[in-house]
Amino acid sequence: MKDSQGTSELCPILKSFSNKVGVLFCCHSLPNIYKRLDTELERKMMEIKRNSLGNNRFRSIDSIILKFPQIRDGLKVIRGVFEKFDEDSNGTVDHEELKKCLQKLQFHVREEDIDDLFYYCDMNENEGIQFNEFIVLLCLIYLLKDCSSSFSTTLKMELPQIDATFNTIIEVFLFLDKNGEGKLKKKDVVKALNEASPREKSPSYITRDRFKEMDLDRNGKISFREFLFAFIKWVGIDSDDDDDDDDPEMQN
């Protein structure tokens, strides 16, 4: 497949992001509780893959890129939710603000579960959930909770655009997860990148770099959480204005 201008521009963006957070993932092994959450997400994605019966709107990376404008619009709605609960306007949602947010969204969760979600998504360990981390947190709750839960119902009734956005992001992951394993391996990513034109495959260094950009902990597989963080940057939503000002490659 020919590497289109749109996809080639993703490489420096994701590479910069990967360099910033990859070291963090390598230096800090996830506690068992976080590994459990990774396993739960894998099982959920496998379940969704089985139930989808091959129904997926995406046939190529280019078809995913065409959805970026709609995805950005949905993420802007989430930014509004984030800013509403960032009561002190410091750019992060702390523990207490997160609790209020989940209560407002009628998501009833135990105190220890809130702690797990908070630290699971607080990737830079600054004791505050930044906007990109908030997106990941909401998406994980959306995915892990049963569709009949009050949280999902609230999202669908009050913020249908978020519901549609998360469903689209999940579909992108399922497109990449060719074998329905709930996690991405290099061969999955290579196959997806060559989907549009199998007779004109991407150079091996392109597919290798694409995989590295998402494999933040360098363990040879991409969890749904890793995919989410990378995909948010891929779409192009700024989550940290200070970082973006320092690094031109992170700007749209």
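I began with the aromatic cluster: ring pairs join F68, F173, F224, F227, F231 and W234. For pairing I took rings of Phe, Tyr and Trp (its six-membered ring) with centres within 6.5 Å; planes under 30 degrees apart count as stacked, over 60 as edge-to-face and the rest as tilted. The model is predicted, so local features need pLDDT of at least 70 and side-chain atom pairs pLDDT 80 or more, while totals for chains, interfaces and linings use all residues. Residues are numbered from 1 along each chain as its sequence is written, and side-chain values use heavy atoms, with hydrogens and water left out.

I noted a count of 11 aromatic pairs under this rule. The pair of F68 and W234 is edge-to-face, because the ring centres are 6.2 Å apart and the planes stand at 85 degrees. F68 belongs to helix α5 (residues 68-85) and W234 to helix α13 (residues 224-235), so this pair ties together parts 166 residues apart in sequence. Helices (H or I, at least four residues) and strands (E, at least two) are DSSP runs, numbered from the N terminus. I found both F68 and W234 buried; buried means under 20% relative accessible area, exposed over 50%, and partly exposed in between (1.4 Å probe, protein chains only).

I then looked up F118 and Y119, whose pair is also edge-to-face, with centres 5.3 Å apart and planes at 80 degrees. Is F118 buried or exposed? F118 is buried, at a relative accessible area of 1%, whereas Y119 is partly exposed at 40%.

Next I checked charges over rings (NZ of Lys or CZ of Arg within 6 Å of the ring centre and within 35 degrees of the ring normal). The charged end of R79 sits 4.2 Å from the ring centre of F131, over that ring. The charged end of K178 is likewise over the ring of F175, 3.9 Å from its centre.

I read the axes of α5 and helix α8 (residues 131-144) as 10 Å apart, at an angle of about 105 degrees. The two helices are therefore roughly perpendicular (65 to 115 degrees).

Last, I noted 14 helices and two strands in the protein chain, and that buried residues make up 51% of its 252 residues.

Conventions. Axes are lines fitted to C-alpha atoms, for helices over the stretch in contact, and angles run from 0 to 180 degrees between N-to-C directions. Angles under 35 degrees count as roughly parallel, over 145 as roughly antiparallel, 65 to 115 as roughly perpendicular and the rest as oblique.
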